[in-house]
Amino acid sequence: MGDRKVLTIQDISCVGQCSLTVALPIISACGIETAILPSAVLSTHTGGFTGNTFHDLSGDMLAIGRHWKKEGICFDAVYTGYLGSIDQIAYVQTVMDETLAPGGLRIIDPAMADHGRLYHGFTDEFARRMGGLCGIADIALPNITEACLMTGTPYGEGPMDEAYIEMLLDKVSALGAKCVVMKGVSYEPEKLGVAVRQNGKTSYYFHEKIAQNFHGTGDCYASAFVGALMQGHSVYESVAIAADFTVESMKMTVGDRSHWYGVRFEKALPGLMRRVNGNRPVS
Ligand code: PXL
């Protein structure tokens with residue numbers, strides 16, 4: 001088999017270290033050729049900056065996909081992140097249908113909410129429609145807030161215990177996602193982790209909890225996950241690799257108050273590259 005190719009569809013936030021400005025370097029660092037389809041161009045992300053510009057690229061998305069189809073261009077996986085509008089959810093499905101190689105993977109990060117709230121500019125209807133997109137996913141990567149919003153489940157009611165997490169995994173699986181990787185699971189104060197539902201079974205990967213919230217960590221996580229998976233690691237190994245990389249990126253940023261808008265993931269890339277590529281010869 002030749003080298004795998006990934007297409008990632010999300011916005012370009014020119015400044016702020018999220019979406020395509022992290023996905024492209026991270027997946028490439030994993031040794032995977034990465035094509036991009038920008039959904040929108042923003043001057044900055046919307047988490048903490050105010051007055052950002054927003055240029056919707058919906059009008060270009062289908063035309064770009066059609067051109068690729070004409071050229072016979074296809075991908076082994078399409079990974080989607082932040083999308084700029086409800087219409088784009090449908091466009092993404094068309095682009096996937098037209099450009100995925102046989103057996104190619106649909107990997108969906110809803111990238112629309114965290115800590116119990118939708119990101120600025122999104123609506124409940126958008127969340128419901130994102131649930132539909134996760135329904136066609138081979139792998140869906142919601143955090144707990146997104147899982148709740150997509151399944152109409154109240155957020156933060158009652159304790160976060162195994163019964164609650166199993167219930168959420170059941171509900172996201174019932175949307176149709178074949179494999180669910182759910183971030184933000186915590187059963188004890190010092191640990192945070194990821195619950196994976198695959199083939200009807202749940203497994204967990206826990207890591208240390210960093211006592212500071214950072215923007216863009218979900219995008220770093222999903223990108224490293226995609227890079228590791230495309231290099232042939234299992235879903236569970238990719239979950240662990242991505243979690244450790246994200247924690248390392250956060251550690252590189254803790255205490256740097258001028259870097260409030262994202263994480264310094266670049267500092268953690270060499271470790272990610274070593275781990276993803278192991279001792280494999282570079283081909
Ligand atoms: O990291 C998710 C993300 C991506 N893109 C934009 C965002 C956000 C989160 O707020 O605002 C534009």
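Asp-244 is partly exposed, with a relative accessible area of 25%. This is a predicted model, in which local features need pLDDT of at least 70, side-chain atom pairs count only at pLDDT 80 or more, and totals for chains, interfaces and linings use all residues. Residues are numbered from 1 along each chain as its sequence is written, and side-chain values use heavy atoms, with hydrogens and water left out.

Colleague: Is Asp-244 buried, exposed or partly exposed?
Modeller: Buried means under 20% relative accessible area and exposed over 50%, with partly exposed in between (1.4 Å probe, protein chains only). The relative accessible area of Asp-244 is 25%, so this residue is partly exposed.

Colleague: Which side chain does Asp-244 join in a polar contact, besides that of Tyr-205?
Modeller: A polar contact is a pair of N or O atoms within 3.5 Å; within protein, one must be able to donate a hydrogen and the other to accept it, and residues adjacent in sequence count only if both atoms are side-chain atoms. The side chain of Asp-244 has such a contact of 2.8 Å with the side chain of Tyr-205. Another, also given as 2.8 Å, joins the side chain of Asp-244 to that of Arg-275.

Colleague: How are helices α2 and α3 oriented, roughly parallel or roughly antiparallel?
Modeller: Helix α2 (residues 58-71) and helix α3 (residues 86-99) pack with their axes 9 Å apart, at an angle of about 5°. Angles under 35 degrees count as roughly parallel, over 145 as roughly antiparallel, 65 to 115 as roughly perpendicular and the rest as oblique. The orientation of α2 to α3 is therefore roughly parallel.

Definitions and conventions
Axes fitted to C-alpha atoms, helices over the stretch in contact; angles between N-to-C directions. Helix = DSSP H or I, 4+ residues; strand = E, 2+ residues; numbered from the N terminus.
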